[in-house]
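Here's a quick briefing to read alongside the sequence and the 3D view.

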Amino acid sequence: MQEPQNKSVRHWLTFATGLVECLCFAGAVFGWASLVFVLKEERYFSSLCVNATGLNGTQTLDCSAQDEQFSLVFTIASFMNNFLTLPNGFLFDRFGTTVARLYGIFLYTMGTLMVGFSSSALAYLLFPALSFLAVGGILFLMTNMQVGNLFGSRRSTIITLYNGAFDSSSALFLVIKLLHESGVSLRAAFLFLSACSVVHVLRTFFLLPRNFIPYPLPDRYTYGVSCGKSVTASAEVAANGDVLPATEGTPLKRDAPVNQEKTFRECLLSRFFMWHLLWLSVMQLRHYLFIGTLNPMLQRLTGGEPLLVSRYTNAFAITQLCGVLCAPWNGLIMDRHKGKPRAEGETEQEADLRATVLSLFLTALQCVLFSLCASTPYLPLQYFTFILQVLNRSFLYGGNAAFISVAFPSCHFGKLYGLVMALSAVFSLLQYPCFALVKGPLGGDPLYVSTVFICIGCMLIQL
């Protein structure tokens, strides 16, 4: 009786600490708008600001080149965040959780140290630093999503919850902004984040498996370091005492032959993968463009009033905290069929796929509404835009991971998740020319670009 209780406590402790890890660290790079505010006060790239003559002949300071440089830092970091998920997915599938996490912790620590020791004179350290933070953070998320396998029928809810926590962690840079306004230096804040890597290492060895958490979960499955020794699920004990082999990270279907699983190539060439890639790429580009242009957009709508820009930047960052609350709704939508009898002749995977339709539809609809509000040049409306953005972003990434885990064999999850993120990252490189288009020919008005996304979003709803 004691063993099941200990196992349950460990499962919930693994879940809770993973949630804190994703919530406080993993997606910090997407709080870029808050960090930009601090970096501008610290005069990063300030040499790019030049004197210009206004329409009435007055002298103004033109910092569009500085904004473009900050946008380029975020564009590269967000690209690396997604594109390097592909090799990271192969690394995760090939070497397991421990190796993938130690690599991610190393990158994350290097990123925080680089920002900590950067300055206005060493502003170009931001390029590798933000990329390291992004890649290390996505490895935290990738290695934590398998925790959903410990909870059976709540699997999709757990996966979407972790993705929501990943989104909410962008509020970390808001905390750094508020601390900076209270007198805490940028260096001190990032050195503290570096020291937190010790906690990540301890969790890697004590609360996560060396290889993978399989699904469905085998009987007598244990993981992590216990009583001075590491226990893995390399074998499953039958009722008669015989030892049955059980490979970590692959689904155990006792009543089905192993050869029923699709190969990686078959998954890659399936229509599910192609349409899902398009679905993710378009909406992700919309979110990246919004985050990357938020500061100049607020500068335009507020007339450059610093207090108003700061207030709306804080409001945006605070709404990001709600990602962890919004994401489980999508998981509950996808898990709603669990426990219900399936239609005659319908497999469990077919029932899971049918349950994703409503989730995908609602995500595309939210993106259309978000783009519509973002394209409206009315400042108070942007509060509602922020709410729609965090809701849609939570649904987007949580639904992406949950759909891949449902539609394809779990032995290919790391590779397929990495590949879809990598390919969508290539598409997201369009954000920089879009930013240049908004700042240049469109005179800072994002209406036309947003209209394009609204039309594309409507097409995705119909699909």
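Predicted model: local features only at pLDDT ≥ 70, side-chain atom pairs only at ≥ 80, totals over all residues.

The protein has 463 residues, and 55% of them count as buried. On the secondary-structure side, you get 19 helices and 6 strands.

**Overall picture**
- The protein exposes about 19,900 Å², and 67% of that comes from carbon and sulfur atoms.
- If you take contacts between residues at least 6 apart in sequence, 78% of them join residues at least 24 apart.

**Ser-394 in α16**
- Ser-394 sits in helix α16, which covers residues 382-407.
- Ser-394 counts as buried because its relative accessibility is 0%, and the cut-off for buried is under 20%.
- A polar atom of the Ser-394 side chain lies 2.8 Å from the backbone oxygen of Val-390.
- Setting aside residues up to four places away in sequence, Ser-394 touches Gly-164, Asp-167, Gly-323, Cys-326, Ala-327 and Gly-399.

**Cys-367 in α15**
- Look for Cys-367 in helix α15, residues 348-374.
- Cys-367 has a relative accessible area of 2%, so this residue is buried too.
- Once neighbours within four places in sequence are left out, Cys-367 is in contact with Met-283, Arg-286 and Asn-392.
- Gln-284 is 83 residues away from Cys-367 along the chain, yet their C-alpha atoms are separated by 9.7 Å.

**The nonpolar surface patch**
- Leu-102, Val-198, Leu-202, Phe-205 and Phe-206 make up a nonpolar patch on the surface, and together they have about 450 Å² of accessible area.
- Helix α10 (residues 197-206) is the biggest giver here, with 4 residues in the patch.
- Leu-102, also part of the patch, belongs to helix α5.
- Leu-102 counts as partly exposed because its relative accessibility is 35%, which falls between the 20% and 50% cut-offs.

**Helix α5 itself**
- α5 covers residues 97-116 and is mostly covered, with 14 of its 20 residues buried.
- From first C-alpha to last, α5 reaches 28 Å, close to the 28 Å expected at 1.5 Å a residue.

Methods:
Residues numbered from 1 in each chain as written. Heavy atoms only, no water. Helix = DSSP H or I, 4+ residues; strand = E, 2+ residues; numbered from the N terminus. Buried < 20%, exposed > 50% of the residue type's maximum accessible area, 1.4 Å probe, protein only. Polar contact = N/O pair within 3.5 Å; in protein donor to acceptor, adjacent residues only side chain to side chain. Contact = heavy atoms within 4.5 Å. Patch = residues over 30% accessible without salt bridge, like charges linked within 9 Å, V, L, I, M, F, W, Y side chains within 5 Å. Areas by Shrake-Rupley, 256 points an atom, 1.4 Å probe, with all protein chains shown as cover. Salt bridge = Lys/Arg side-chain N within 4 Å of Asp/Glu carboxyl O. Expected span 1.5 Å × (residues − 1).
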